[in-house]
Amino acid sequence: MSSISRRSKYNNTIESNSAHDTEEAGVNLSQMVKCGETVLLTGPLGTGKTTLVRGFMRGLEYLGRVRSPSFTVSNTYDSKPPVIHIDLYRLTDPDDLIVLDLEQQSENNITIIEWGNRFDKTETLADWRVKLEWDDQLSTKRLITIQTTKI
Ligand SMILES: Nc1ncnc2c1ncn2[C@@H]1O[C@H](COP(=O)(O)OP(=O)(O)OP(=O)(O)O)[C@@H](O)[C@H]1O
Ligand SMILES: [Mg+2]
């Protein structure tokens, strides 16, 4: 269990039955996360991490395209506040995170990291942790657990 799990004041699990529900969870999350905070998204392939980010960005009234930044590692959306969307799935060398550290220290944006539990280094950055789970891959049902020590 990570330290944030033990210390969390806010620990809420919701059931999502569709991509739309997961987007709505992202909208709701966007109303709680503050500028300067970092959100780690965890969960197996295809559980809806990027879908949740899409809802998060809609909640910030961002109208541009939201896609997994798998090939660029990070996307920056010029929302208010700006959001840095990182995907660590293809990153194999934790030393490459040095480049990302500069961005993550910024107080002037929100950082959202898919596969955020891939390296210990990113684990420690978490202000918010969102875990997506499914029962079986044929169902659209997901469990989404949101934890934070920030509220
Ligand atoms: N309840 C649900 N929540 C989210 N997505 C769902 C749900 N039910 C079905 N889907 C579908 O599952 C897919 C989720 O894809 P998405 O890219 O968001 O997952 P991901 O976790 O970001 O994947 P990856 O690990 O490849 O980054 C979409 O095609 C979406 O329509
Ligand atoms: Mg994704």
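**Talking through the model**

Author: Let me start with one residue: Glu61 counts as exposed, because it has 9 C-beta neighbours inside 10 Å. Please keep in mind throughout that this is a predicted model.

Reader: Where does Glu61 lie, and what is its phi?

Author: Glu61 lies in the loop between H3 and S3, and its phi is near 65°, which is a positive value in a residue other than glycine. Most residues other than glycine have a negative phi.

Reader: Which loop holds Trp115, and is Trp115 buried or exposed?

Author: Trp115 sits in the loop between S5 and helix H5 (120-123), and its phi is positive too, near 55°. Trp115 counts as buried, because 20 C-beta neighbours lie inside 10 Å and the cut-off for a buried residue is 20 or more.

Reader: And the peptide bond from Lys80 to Pro81, is it cis or trans?

Author: The bond from Lys80 to Pro81 is cis, with omega near -5°, and Pro81 has its place in the loop between S3 and S4. As a rule, most peptide bonds are trans.

Reader: Let me step back to the whole chain. How many helices and strands are there?

Author: The chain has 5 helices and 7 strands, and from the N terminus on its elements run α-β-α-β-α-β-β-α-β-α-β-β. Buried residues make up 35% of the 151 residues. Of the contacts with a separation of 6 or more, 69% are between residues 24 or more positions apart.

Reader: How many residues of H3 are buried?

Author: In H3, 9 of the 11 residues are buried, so the helix is mostly covered. The buried ones are Lys49, Thr50, Thr51, Leu52, Val53, Arg54, Gly55, Phe56 and Met57.

Reader: What covers the buried residues of H3?

Author: The cover includes H2 together with several strands, among them strand S2 (38-42), strand S4 (83-87) and strand S5 (110-114).

Reader: Staying with H2 and H3, at what angle do their axes cross?

Author: The axes of H2 and H3 cross at roughly 50° and come within 6 Å of each other, which means that H2 is oblique to H3. H2 passes H3 in a right-handed crossing. The contact involves residues of H2 including Ala19, Thr22, Val27 and Leu29, and residues of H3 including Thr51, Leu52, Val53 and Phe56. By type, the residues of this contact divide into 7 nonpolar, 6 polar and 4 charged.

Reader: Changing topic, which residues come nearest to ligand 1?

Author: There are 18 residues around ligand 1, and Thr22, Gly48, Thr50, Thr51 and Thr140 come nearest. Helix H2 (19-30) and helix H3 (49-59) are the elements that give two or more residues to this shell.

Reader: How many residues of that shell are polar, and how many are charged?

Author: The shell around ligand 1 has 12 polar and 4 charged residues, along with 2 nonpolar ones.

Technical notes. Residues numbered from 1 in each chain as written. Chains lettered and ligands numbered in written order. Predicted model: local features only at pLDDT ≥ 70, side-chain atom pairs only at ≥ 80, totals over all residues. Near = placed C-beta within 6 Å. Helix = DSSP H or I, 4+ residues; strand = E, 2+ residues; numbered from the N terminus. Nonpolar A, V, L, I, M, F, W, Y, C, P; charged D, E, K, R; others polar. Axes fitted to C-alpha atoms, helices over the stretch in contact; angles between N-to-C directions. Parallel < 35°, antiparallel > 145°, perpendicular 65-115°, else oblique. Left-handed = near helix turned anticlockwise from the far one by under 90°. Contact = placed C-beta atoms within 7 Å. Buried ≥ 20, exposed ≤ 12 C-beta atoms within 10 Å, placed from the backbone.
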